[in-house]
Amino acid sequence: MKASRGAILMAIVMVTAPLSAQDGGGAPLPVRLRVSGEVRVGRPAPPVVLPYATQAGHGPADQPFTLAKELGHVVVLVFHPGDFTPGSMAQWRGLRERAATLFPAGVVVVGISTDSLDTHVRFARELDLPFKLTSDPDLSVARSYGAADGSRARRMTVVVGPGGQVRYVDAAFAVLDPQSYVHLGAAIESAKKESP
């Protein structure tokens with residue numbers, strides 16, 4: 001029996017490969033990705049221009065979060081289904097608790113979901129999050145990254161290097177598995193070595 005194209009595209013694969021030809025001379029880093037045909041390690045990251053909120057309130061309407069403006073920094077895009085879902089609460093707590101070691105200076109962390117800016121403000125305040133949370137209500141950005149799942153974003157983490165290329169994709173991020181954070185940290189360290 002032939003598998004449908006959609007089933008093939010949604011298959012989860014685990015591969016071990018270096019993030020670049022020269023990733024600092026260490027062991028190859030695991031690349032955990034869902035084959036989506038949308039976002040690939042080594043290719044330019046799709047554009048992201050979305051309104052955002054923090055625990056302080058809504059960001060300026062005329063100054064949305066814009067990935068292109070972050071060139072020169074490592075950017076971690078955290079797609080998640082919804083702010084107050086149990087998995088998202090566990091994931092964001094884990095990211096916040098590890099922020100000092102996982103996200104050194106110059107690393108920008110941005111959440112992306114369909115939730116409203118008001119919901120993001122409440123969520124950021126409840127969890128004391130120091131990150132920007134963007135609103136993607138029509139899933140336009142999630143779709144461009146292959147992170148749309150019905151009417152919500154799928155849990156997926158993407159590391160974009162200083163030059164704007166995708167350096168790491170993890171569509172199998174397990175919020176309670178310490179290895180997910182280890183792999184993410186290794187990808188961030190490798191991306192920091194990239195020249196903008």
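Glutamate 194 and arginine 167 form a salt bridge, with their closest N and O atoms 3.1 Å apart. Glutamate 194 sits in the segment after helix H6 (178–192), while arginine 167 sits in strand S13 (residues 166–170), so the pair ties together parts that are 27 residues apart in sequence. The model is predicted. The count of salt bridges in it comes to 3.

**Glutamate 194 and arginine 167: buried or exposed?**
- Glutamate 194 has 16% relative accessibility, so it counts as buried, because buried means under 20%.
- Arginine 167 has 8% relative accessibility and also counts as buried.

**Lysine 192 and glutamate 189**
- Lysine 192 forms a salt bridge with glutamate 189.
- The closest N and O atoms of this pair are 3.5 Å apart.
- Both residues lie in helix H6.
- Lysine 192 and glutamate 189 are 3 residues apart, which is about one turn of the helix.
- Lysine 192 is partly exposed, at 37% relative accessible area.
- Glutamate 189 is partly exposed as well, at 35% relative accessibility.

**Arginine 96 and glutamate 97**
- A salt bridge joins arginine 96 to glutamate 97.
- Their closest N and O atoms are 3.6 Å apart.
- Arginine 96 counts as partly exposed, with 26% relative accessibility.
- Glutamate 97 has 56% relative accessibility, so it counts as exposed, because exposed means over 50%.

Terms used. Residues are numbered from 1 along each chain as its sequence is written. This is a predicted model: local features need pLDDT of at least 70, side-chain atom pairs count only at pLDDT 80 or more; totals for chains, interfaces and linings use all residues. Side-chain values use heavy atoms; hydrogens and water are left out. A salt bridge is a side-chain nitrogen of Lys or Arg within 4 Å of a carboxyl oxygen of Asp or Glu. Buried means under 20% relative accessible area, exposed over 50%, partly exposed in between (1.4 Å probe, protein chains only). Helices (H or I, at least four residues) and strands (E, at least two) are DSSP runs, numbered from the N terminus.
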